[in-house]
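Please examine the sequence and the predicted model shown here. The briefing that follows is arranged by topic.

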Amino acid sequence: MLHEKQPGQTQEESEIEREQPESSARRNFLRTTGLSTLGAMVGMTVPFEGNMPFGVTPVMAQDTGEGLMSDKPDLTVLNDRPVNAETPAHLLDDDVTPYERMFVRMNGMVPQTALDQNAEGWTLTIDGEVETPLELTLDDLKSQFETVTKRLVIECGGNGRAYFNPGASGNQWTMGAVGCPEWTGVRLADVLKKAGIKDSAVYTAHFSNDPHLSGDPDLLPISRGVPIEKALAEGGIIAWEMNGEPIPALHGFPLRLIVPGYPGSVSQKYLTRIWIRDQVHDGAKMTGYSYRLPKNPVAPGTDVPESDMAIMTEMPVKSLITFPQTGTEVASGKPTEVRGHAWAGNGDVQAMDVSIDFGQTWQKAELDTAPNLFAWQRWRADVTLPETGYFEVWARATDKDGVMQPPVTPGWNPRGYGNNIQHRIALIAT
Ligand SMILES: Nc1nc2c(c(=O)[nH]1)N[C@H]1C(S)=C(S)[C@@H](COP(=O)(O)O)O[C@H]1N2
Ligand SMILES: [Mo]
């Protein structure tokens, strides 16, 4: 498994990348799949199983979505049961992330309805603390509400996990569990208002039809929610198209919720129901340590009691350098264009800076306004590397409240969420 190296790391930081991700991901893989299990399932030994590269399993595992990954050949596969794959930073240069370059995070299997692209009889239920429970077909959604098209960032809460020290279990995402496709659907708030939200409403609860990895129909792979205020605020949509096409199987066909600004896990794929609750939702991956951060800062490696954990809400401000690719050779003494995207969980990014001297001095980058709230914003800067040799470009976004990305991995937490360390690339000046 290849990891994009972050230049300028301490020895310890790079240790995490070299050893920890591979071994923990591999342990995870062996525990959940195990080539011997696969061999037993097909009734034979897998030939050359000792030589099989990590991330490759026989075609029979297709319901995990692995078979669909051939459409995304440039992604780095971190796990294959369930399928989890991230995008190298230099492949995230598009303003609108194409299907081929959108990361994939599955907690369970891809439902048969999505594999078949069969939306027949699909309904979305809105119930719980509402005046009028609704059961809406796709046609109802399309005809009863205003259709909107928006670019919305989805970023996994665990993006950047690979850089925590001590490391955290889970997918060892580096920088690429993020993307900004264009989504078409209806506003979440419009649908909730039509149902009539009661004063007793506290939280949403999201449901879908993707099967649990165990195959147990009583278990859900994931069912998260957001505070009702967030659900009613501007931004959230219920979408049936991604980039002008029906949503692909890996991304939630036929209907998906997107609640931007929060961890990607609240954006339920294969959406069947939104239950409005009179308490904080306690569904799969809402409790324990999932998508939770310590209430108060803790020292790295602390064994935090569950009762001291709180649900993660807004994602921190962040940016990526998407051009040039790290390691590129450029001419010294001449301007070189560097560019990327910036986004923040609390809305617009107000400033973007780059450094070519390890953060000692910073230069303002040009920053575009967002085409809509919660889209990522294009930034670009011309940097001139003064002499030949090894340089790094560091990028730093500042959100609307003046909060900026840190040069180190911030806020150690048991599961490795919310890492918004500055992205760095290496440039070789010749
Ligand atoms: N039904 C369903 N929705 C889901 C998930 C899932 O496993 N099942 N994963 C969540 C997580 S953790 C993330 S980060 C995003 C990933 O979206 P993507 O796979 O379309 O990139 O989807 C979220 N919605
Ligand atoms: Mo996620």
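W183 touches V148, T149, K150, L152, I154, I237, A239, E241, M242, I247, R256 and I258, leaving out residues up to four places away in sequence; contact here means heavy atoms within 4.5 Å. The model is predicted, so that local features need pLDDT of at least 70 and side-chain atom pairs count only at pLDDT 80 or more, while totals for chains, interfaces and linings use all residues. Residues are numbered from 1 along each chain as its sequence is written, chains are lettered from A and ligands numbered from 1 in the order in which they are written, and side-chain values use heavy atoms, with hydrogens and water left out.

**Nonpolar cores**

- A nonpolar core is a set of buried Ala, Val, Leu, Ile, Met, Phe, Trp, Tyr and Cys residues joined through side-chain atoms within 4.5 Å.
- Buried means under 20% relative accessible area, exposed over 50%, and partly exposed in between, with a 1.4 Å probe and protein chains only.
- The largest nonpolar core has 57 residues, and W183 is among those with the most contacts inside it, together with I126, L141, I238 and I274.
- Strand 11 (residues 237–242) supplies the largest share of this core, namely five residues; strands (E, at least two residues) and helices (H or I, at least four) are DSSP runs, numbered from the N terminus.
- Another core, of 22 residues, lies apart from it and includes A342, A381, A397 and A429.

**Cysteines**

- C156 is buried because its relative accessible area is 7%.
- C180 is likewise buried, because its relative accessible area is 0%.
- The count of disulfides comes to zero, a disulfide being a pair of cysteine sulfur atoms within 2.5 Å.

**Strands and their pairing**

- Two strands pair if DSSP finds at least two bridges between them.
- Three strands form an open sheet in the order 1-2-3, with antiparallel pairing.
- Its edge strands are strand 1 (76–80) and strand 3 (104–105), each of which pairs on one side only.
- Strand 1 and strand 2 (residues 83–86) run antiparallel and are joined by four bridges; T76 stands opposite E86 in strand 2.
- Strand 4 (residues 123–128) and strand 5 also run antiparallel, with four bridges between them, and a hairpin of five residues connects the two.
- The bridge partner of T123 in strand 5 is T137.
- In a regular strand the side chains alternate between the two faces of the sheet.
- Strand 5 (residues 134–137) has a covered face with L134 and L136, and an uncovered face with E135 and T137.

**The surroundings of S208**

- S208 lies in strand 10 (residues 203–208) and counts as buried because its relative accessibility is 13%.
- Leaving out residues up to four places away in sequence, S208 touches I222, Q268, K269, Y270, L271 and T272.
- The side chains of S208 and Q268 make a polar contact (2.7 Å); such a contact is a pair of N or O atoms within 3.5 Å, and within protein one must be able to donate a hydrogen and the other to accept it, while residues adjacent in sequence count only if both atoms are side-chain atoms.
- S208 and G252 are 44 residues apart in sequence, and their C-alpha atoms are 9.1 Å apart in space.

**The surroundings of N107**

- N107 lies in the loop between strand 3 and helix 4 (112–115), and N107 counts as buried because its relative accessibility is 13%.
- The side chain of N107 makes polar contacts with the side chain of R105 (3.0 Å) and with that of K285 (2.9 Å).
- Apart from neighbours within four places in sequence, N107 is in contact with P82, L213, P221, I222 and K285.
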